[in-house]
Amino acid sequence: MIIKNIIIAFCSFSFFMIGADKFLGFLEPPCSLENSIPSIVWQILGVLQILAGVLIWLPKFRRYVVGFFFVFMLFFTVVHITQNTYDIGGSAFMALLLGLLLWNPSFLQGKKNINNN
């Protein structure tokens, strides 16, 4: 359970950070796709990512948030690869962490749930 909470906390912080960056532009270097995405879509993505940073903590919504953004991050990893851009690390790493949360292997479930199986 501790590992799961650490992953959730890291994803939550990352969602806040990349969502806020859509409005404040503080991450360097900026996303290489920024200029090819309409600004309104860019801002909607920012709002969704900030919202995900909150909703990922709520068990009722976690699976939806994680599932949506797992597919979202995989998609943008592929987009970066097809556009020959250099900054795929963040989306690939987030997809990996979100995939772990979606899969929820036994080492993420904690001792209590393992003993019940």
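How many helices and how many strands are there in the protein chain?

1. The model is a predicted one, and its protein chain contains five helices and zero strands.

2. On overall dimensions, a box of roughly 50 × 25 × 20 Å along the principal axes holds the C-alpha atoms of the protein chain. The chain has 117 residues, and 35% of them are buried. Its accessible surface is about 7,400 Å², with 70% of that area belonging to carbon and sulfur atoms.

3. The contact pattern deserves a look too. If you take contacts between residues at least 6 apart in sequence, 69% of them join residues at least 24 apart.

4. Now to charge. The protein chain carries 7 positive and 4 negative side chains. The centres of these two sets are 30 Å apart.

5. Helix H1 covers residues 2–24, which makes 23 residues. From first C-alpha to last, H1 reaches 32 Å, close to the 33 Å expected at 1.5 Å a residue. Just after H1 comes Gly25, which takes a positive phi of about 60°.

6. Which residues of H1 are buried? They are Lys4, Ile7, Ile8, Cys11, Ser12, Ser14, Phe15, Gly19, Asp21 and Lys22. I would point out that this list includes Lys4, Asp21 and Lys22 as well as Ile7, Ile8 and Phe15.

7. Leaving aside residues up to four places away in sequence, Ile8 touches Ile56, Trp57, Arg62 and Leu101. As for Val78, which is 70 residues from Ile8 along the chain, the two C-alpha atoms are separated by 24 Å.

8. How many disulfides does the count come to? The count is zero, with a pair of cysteine sulfur atoms needing to be within 2.5 Å. Cys11 is in no disulfide, and the nearest cysteine sulfur to its own, that of Cys31, is 18 Å away. Cys31 is likewise in no disulfide, its nearest cysteine sulfur being that of Cys11, 18 Å away.

9. Are these cysteines buried or exposed? Cys11 has 0% relative accessibility, so it counts as buried. Cys31 has a relative accessible area of 26%, so it is partly exposed.

Definitions and conventions:
Residues numbered from 1 in each chain as written. Predicted model: local features only at pLDDT ≥ 70, side-chain atom pairs only at ≥ 80, totals over all residues. Heavy atoms only, no water. Buried < 20%, exposed > 50% of the residue type's maximum accessible area, 1.4 Å probe, protein only. Helix = DSSP H or I, 4+ residues; strand = E, 2+ residues; numbered from the N terminus. Expected span 1.5 Å × (residues − 1). Contact = heavy atoms within 4.5 Å. Areas by Shrake-Rupley, 256 points an atom, 1.4 Å probe, with all protein chains shown as cover. Lys, Arg positive; Asp, Glu negative; His and termini not counted. Charge placed at Lys NZ, Arg CZ, Asp CG, Glu CD.
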